[in-house]
Amino acid sequence: MTIPIRFKRGPKANLPSSAPAGEPLFTLDTHELFIGTGDSVVPIAGVDPALTERIDELELHRSTVSNTYSEDFHSLEHVDSEKTSAGVIGGRVMPTVTPTFTEDFSNLNYFDQVNSLGVTIDTARGLLKNSAGTRNGIFWAKQITIPSTDKITVNAVVNEPSTYGFSEGARFSYAGSIFSQPMGFADRTNRTWKVALVNGAGIYAKVTNPDGSLSFEGIVLPFTGEAHTMPFQSIDYAVDHNNRVWFGISLATSVRGMVGAVNSDGSTFMNWYNIYSGSYTTTAITLTVDKQNRIWVFHSVYTYTRLHVFNGDGTLCKDLTNILTSGTTTYLQAVFDPLRDQVVLAIRNNWDVHIVLFDSSFNVIRTEIITRGAGYNTPIALSYDPVLDKYIFVQVLTTNMTGTSPVKISSLDPETLNGTENIVDLNTNWVSRLVADGSLYHFVYSSGIELNKYYLTTFQASDLSLVDTSVVVSTQTGKHYPFKDSNGVLRSLALTNRYDAKQAVDEYTFSATKATVKIEVTNNNGLDWVPCLPGKEVTFPTPSTSLILRARLDSPTATLSPELYGYQVITGSLTGELQQEFVSTKLPSVSPIAHASLTVDQTLHDGTIDWYLSNNGGATWEPATLGEKHTFQNPLFADLRVKAVITTPAGAVKTPAISGYTITSSNLFLNPVLSDPTMPQRLIDLEVNLLKTNFKLSTYMSAWKYNYKNVVIDTFTDFSGIDLQKSSNTLTIVNGSVTFSERQLDALEENESHLLDSEKYHVVSLPEKLSTVPTRFLMEAEYTANAGSVSFEVSRDNGVHFTAVTPGEELNLAGLPEGTDLVLRATLTNNAELHAWGYMWL
């Protein structure tokens, strides 16, 4: 753990005439250091070149450390149930009301089969849909008894999928350059990225805001090389939790595999990093991001399929690891499963298709060959469906006996990798990646019969049935990259030669025709039917105690059905808007917290969601802008929390919902090298004093926040606060840090050296003699673990009984035997160092 050191800085002309006592001030133009005395500032570096040089070095050692936490609401561990008024149901946060009647289609008790026509209730999945082959169905519910009222509101959960038709195609790329490998996607702030490689230049990116306005456009991550000769699937991207975009590509030059990243504004975050520079071709590459904001990069070269993992700050977390070491891997695709915190990798290797599961420690936990001997060098596509909790997988098969190339669509169980499949005879040799669209999935395939003809295919995720395969996308030679933009519009980017000899990129747009669910209600036994929009209040001419509901399910095609997943009837008037909150408990973070960046997975529908951040446990809340770095007003607090205010206007058809969020906390830290043997002792003393002062300020801020009046701080300038009899006898203090002499360790015989890894040393405080029994306890600590570890315990009976305590977290002492002699103990292993501790009690 490190503590932030902030030098007030600026040109010497702006140097103030006074500053608080002990505050350092540094002039950027003359490189002088001043210290405030309270009523003036005095120079201390002007006549000391060594000190000036050291201050410059300290500036160079400033660095950012961060911690990333992701929430998917599959547990309530970090949900403050007392302060959260919204409902947390099925992995989503949404406004809730108490209904008078609820239908979830888990049984047929209120299904009027006599009056209903052409509809089927699936009780296992809890939904109503049109029967097979039916375009227009009607559902009647049996009479519902309600309290006497003339006002009701029906909230319904519906899925209204769309069929698509080709709308238009237009040139995306500019003239004069050779383009390849186009991709499209939406980032974590809901902007649309359209990118393509430009030969000899880099990646051309055009990024637009949800309202269609241009965010930025231009070349990012410049490079040189014959990029246009790359295989089609040797490019991929991933958007991390800081809204940075990572790209992985392979080149047909001496540098054959590279990974780079850009910030959300297109500026370079990490320049191209070579993952392979050998003589073989990198034929496939794929990227995904896990909960810890680590970027997993898989690539294949020759007979090897390999893994590299990068931290979110661009450093390498895990270097080269071989996944497969035989056969030729031509296609790869990886996705992240947030429910299990595991990475899923699909591999086309020789004639087989493998699915490999990795845990968060990069261990392979399961490998299955899901298809054997069904196509060499044929494409695959993979996606995780969070609603069904299935891995949706598509692959092209090759059947030599018939000469056809059907497509296998699979739905795999995430635990066993077993599942169901549907083999459809599309007669193709290529499929694009999958695009999720509610309960539907889309992909583009090339016709194996009609030259250069590409079709859009849609299938249901629930039963893998085909909805439509007849939508012609283009008749050009380039393969397609379909995607949904930030407004949910289905688009596709593809290469073309129709403008000139140089490869260009076209953008295609699709128009949608929706299947619909229309609800009507009556309170006079069917004499009058009133249209009822979900979430809209209905007023009848007269009150009644009975209600009948019916729904019309209409679809543009018999292969596609809308679905009704249930409904609720709320009686009485709902006036005004509905506003509810989600509040988190304390989240994992750096300590203290100066900055935080928040991205969310949310659906607004007809409402709004306002987000707030706190670094002081919710004592104050500061508005947050999604995807942007937020700087807290006080950077010394260390209790990170998130709040969302969910507002649903009166009469809204659909309510907002939150499916998850990711928050990255950070701080700017100073990491001085205090052990530099060439550094004069006076400079070491200065840095130690700065660190100690900063720790004291941080500890006192914690005491103020939690209303503690009794505080003890020991910065280990001497042994006065340490019980030397109860501490380990090799304890020593070097430059203000508690460590342990190695003289005794060196005396161990060589054949006993393995004992060093498990050696533990204790630092025990002198007891604080209290007048009353303490009931609450809080501590802060500054330490460096190095290759070891540091843990803490507290006792209130003079060290007879201890219990573990975590720095920065309040502890109830009720579980300890009563006493008034308060003792703190630290356990250090290996080369760990303890720089300071502070503790407080009530």
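**Close-up views of a predicted model**

**View 1. Confidence along the chain.** Welcome to this predicted model, in which the chain has a mean pLDDT of 82 and 85% of its residues reach 70 or more. Among the elements of the chain, the highest mean pLDDT, 97, belongs to strand S11 (residues 136-140), and the lowest, 37, to helix H3 (residues 743-746). Two stretches deserve a careful look. The pLDDT is below 50 over residues 59-63, a stretch with 18 contacts in the model beyond near neighbours in sequence. Residues 742-758 also have pLDDT below 50, with 9 contacts in the model beyond near neighbours in sequence.

**View 2. An open sheet of 4 strands.** Here the strands follow the order S18-S19-S20-S21, and their pairing is antiparallel. From one strand to the next, the twist averages 15°.

**View 3. Where S19 meets S20.** Strand S19 (residues 245-249) and strand S20 (residues 257-262) run antiparallel and are joined by 5 bridges.

**View 4. The largest nonpolar core.** This core has 27 residues, and those with the most contacts inside it are Val763, Phe777, Met779, Phe792, Leu834, Trp837 and Tyr839. At least two core residues come from each of strands S58 (776-784), S59 (790-795), S62 (821-829) and S63 (833-841).

**View 5. The surroundings of Phe792.** Leaving aside residues up to four places away in sequence, Phe792 touches several residues, including Met779, Ala781, Tyr783, Pro807, Arg825, Leu834 and Trp837.

Note on methods
Residues numbered from 1 in each chain as written. Predicted model: local features only at pLDDT ≥ 70, side-chain atom pairs only at ≥ 80, totals over all residues. Heavy atoms only, no water. Pairing = 2+ DSSP bridges. Axes fitted to C-alpha atoms, helices over the stretch in contact; angles between N-to-C directions. Core = buried A, V, L, I, M, F, W, Y, C linked by side-chain atoms within 4.5 Å. Buried < 20%, exposed > 50% of the residue type's maximum accessible area, 1.4 Å probe, protein only. Contact = heavy atoms within 4.5 Å. pLDDT = per-residue confidence, 0-100.
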